[in-house]
Amino acid sequence: MINIPSTLRISFRALWVNKMRSALTMLGIIIGVGAVIAMLAVGTGASKQIQQQISTLGSNLIMVVPGATSAGGVRMGAGTQSTLTMGDADAILKECPAVSEVAPVLGGVGQVIYGNQNWSTGVTGTTPAMLIVRDWKLSAGRAFTEQDVKSATKVCLLGQTVVDKLFGGLDPVGQIVRIKKIPFKVIGILEAKGQDPRGQDQDDAIYVPVTTAQKKLFGTSFPGMIRMIMVKAKSTEHLDSAERQITELLRQRHRIGQKQENDFTVRNLTQMMQAAEQSSKVMTMLLGAIASVSLLVGGIGIMNIMLVSVTERTREIGIRMAVGAKTWDIRLQFIIEALTLSFIGGVIGIIAGISTSQIIAELAGWTTLVSPLSILLAFGFSGLVGISFGFYPAYKASLLDPIEALRYE
Amino acid sequence: MPLIEAKGIQKVYRTGDIDLCALCDVSLTMDKGEFVAIMGQSGSGKSTFMNVLGCLDKPTGGQYLLEGIDTGGLDRDELAAIRNRKIGFVFQGFNLLSRTSALENVELPMLYNGLSSKERRQNALSALKSVGLEGREGHHPNQLSGGQQQRVAIARALVNNAPIILADEPTGNLDTKTSAEIMELFVKLNTESNITIILVTHETDIAEYCKRVIRFLDGRVVSDEKKGLGIRG
């Protein structure tokens, strides 16, 4: 028999009469909800960015690099030894069932010239499988083929940065550029990929057939040696088995004994990135938890004001009781007041949180992402705060003695 | 069946080792349509008795039957429902909600018995009309004179068609002329609508309006006179 619409009206009026006080109480909730949303947005944005970088690397990517050379006990670091061959790359594709694509990589830095423009960039020799391994598409022209690799044609694919530096607004496809003074025909342009997880520009690159790189650009003292093998596993579940199969195969091929160290390293980049993503998720939760503390403080503010309000309105409560208000009529009136404060505060807080996260994105240049879940979470939490911190003052009000309350000055 | 039946009502306050007896063995009956003045010095127990009659306070001993119902066995909310349905209160200090219009003050008791907002408005308007405050519905208490405020309070007491009005020094804050007007209003309600009116006062000229005068002293009834009938209790 509790009259909800009129209880609502009574509560709204009480809040409206004390506008300044209500606004300040709400401010606590606004800051709390806003902080939770903004912090979660920063955290979620960071995770999202890591996810995007993982996908630009190419999914399910494994890299195999040669091991370290050792000269008189001084070990020179990964990649200093030339132990990987084209044969290894072919063998991995043929003999490891968990692997779907393999791309050998060989490269160096070279000066590129077109017309009166020149630019120094990384030149990489590889096979057509590279584009599949890295999930990379062309924005214009065509990719080089197995035939190009076999006959070591002087053709190349340009990254977007190289195109911008050398060609300005012109169409590069079909033009001739000179790499290390050797003329190459531009047959395709790679889609822009942006930075890799280490912050390097992936578009500042030129790709040529691996054989051309070996024979014409970076003639090595050990023909057939390559710098790195990029491998794509069949699926995320196959990553571990692919890693194991490659290691076994290469140990066998390189004739490494039981107790000897590997002369190569297998790196599972996806797993590394997943670990990074996991840690950024933990960070998000931590930020959210810290922000929730301010929401809690806001709730205590509500309780404080409601207690003051109950004391101030003792006489009103007495009158209401005398004319027939029951325990829950009084209780509900004050709970609704507290809920209204936290509800309106919550709505404004959501707006404040979204704008703050946009300002952060603008000023700090971070990626921020406001997820619907974080809005729901912050809003639900503020409602909970309203009920739990509003209940005690309401409970206190409902237990007042009507005679005492009527006499209260 | 009498409307109000008090049997050996006691109200004892325990302060330390001393028992303070605010009401000692008060037995009274009142019938429907009576107009009763309860008189006595301050501390005589008359206000405590009124609080018991109004179901605002529970006696520590004895039995209080309202329309035959023993109020001793009722809980807080059941007492609230009785106050809402059966009893209208008029106080010395008016006890209106400030910053709230006359109309909404009169609607207040109906918020707690489930009437629709349309019914509430209609009943409140007719109650205000019956106390002569037509056209002042939108005024707030601080825009009304003392007499007008007390009329709003009386309208609030009437609005649920309660059979009993309990008035605690209703003219205590009013001048002589306004007091007379308020008492005329009570007389009219008593005779025309047959509402039982019980009022506490210490002014004899106010008690003159009533048909029965009960005097309290030290928590006991010392006299009970019915006018025109010459019966002494």
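This is a predicted model: local features need pLDDT of at least 70, side-chain atom pairs count only at pLDDT 80 or more; totals for chains, interfaces and linings use all residues.
Strand β1 (residues 4–15) of chain B pairs with β2(B) in the antiparallel sense, and I have nine bridges written down for the two.

**Chain A, domains**

On to chain A. I have it divided into domain 1, made up of 4–53 + 275–407, and domain 2, covering 82–262. I checked the spacing too: the C-alpha centres of the two domains of chain A are 56 Å apart.

**Chain A, around β4**

Next I walked along strand β4 (residues 99–114) of chain A to see what pairs with it.

- Strand β11 (residues 228–233) of chain A runs antiparallel to β4(A), with six bridges joining them. In this pair V99(A) faces A233(A) of β11(A).
- Strand β5 (residues 117–126) of chain A is also antiparallel to β4(A), this time over nine bridges. Here Y114(A) sits opposite Q117(A).
- Strand β8 (residues 176–179) of chain A pairs with β4(A) over two bridges, again in the antiparallel sense. The residue opposite I113(A) is R178(A) in β8(A).

I took a second look at the turn from β4(A) to β5(A). The two strands form a hairpin with two residues between them, and G115(A) in that turn has a positive phi of about 55°.

**Chain A, helix α2**

How do α2(A) and α12(A) lie relative to each other? Helix α2 (residues 19–57) and helix α12 (residues 372–398) of chain A have axes that come within 9 Å and cross at roughly 155°. Angles over 145 degrees count as roughly antiparallel, so α2(A) and α12(A) are roughly antiparallel to each other. The crossing is right-handed.

I listed who meets whom. From α2(A) come I29(A), G32(A), V33(A), V36(A), I37(A), L40(A) and A41(A), and they meet S374(A), I375(A), A378(A), F379(A) and S382(A) of α12(A). By class that contact has nine nonpolar residues, three polar and no charged.

The contact of α2(A) with α11(A) divides into 16 nonpolar and 11 polar residues, with no charged.

**Where A touches B**

How many residues of chain A are in contact with chain B? My entry says 17 residues of chain A against 20 of chain B. On the chain A side, the elements giving two or more residues are α1 (4–17), α10 (314–322), α11 (327–364) and α13 (402–407). With four residues, α10(A) gives the most. I sorted the chain A side by class as well and got 10 nonpolar, four polar and three charged residues.

Terms used. Residues are numbered from 1 along each chain as its sequence is written. Chains are lettered from A and ligands numbered from 1 in the order in which they are written. Axes are lines fitted to C-alpha atoms, for helices over the stretch in contact, and angles run from 0 to 180 degrees between N-to-C directions. Angles under 35 degrees count as roughly parallel, over 145 as roughly antiparallel, 65 to 115 as roughly perpendicular and the rest as oblique. A crossing is left-handed if the near helix is turned anticlockwise from the far one by less than a right angle, and right-handed if clockwise. Two residues are in contact if their C-beta atoms, placed from the backbone, lie within 7 Å. Ala, Val, Leu, Ile, Met, Phe, Trp, Tyr, Cys and Pro count as nonpolar, Asp, Glu, Lys and Arg as charged, and the others, Gly among them, as polar. Domain bounds come from an automatic or database domain assignment. Two strands pair if DSSP finds at least two bridges between them.
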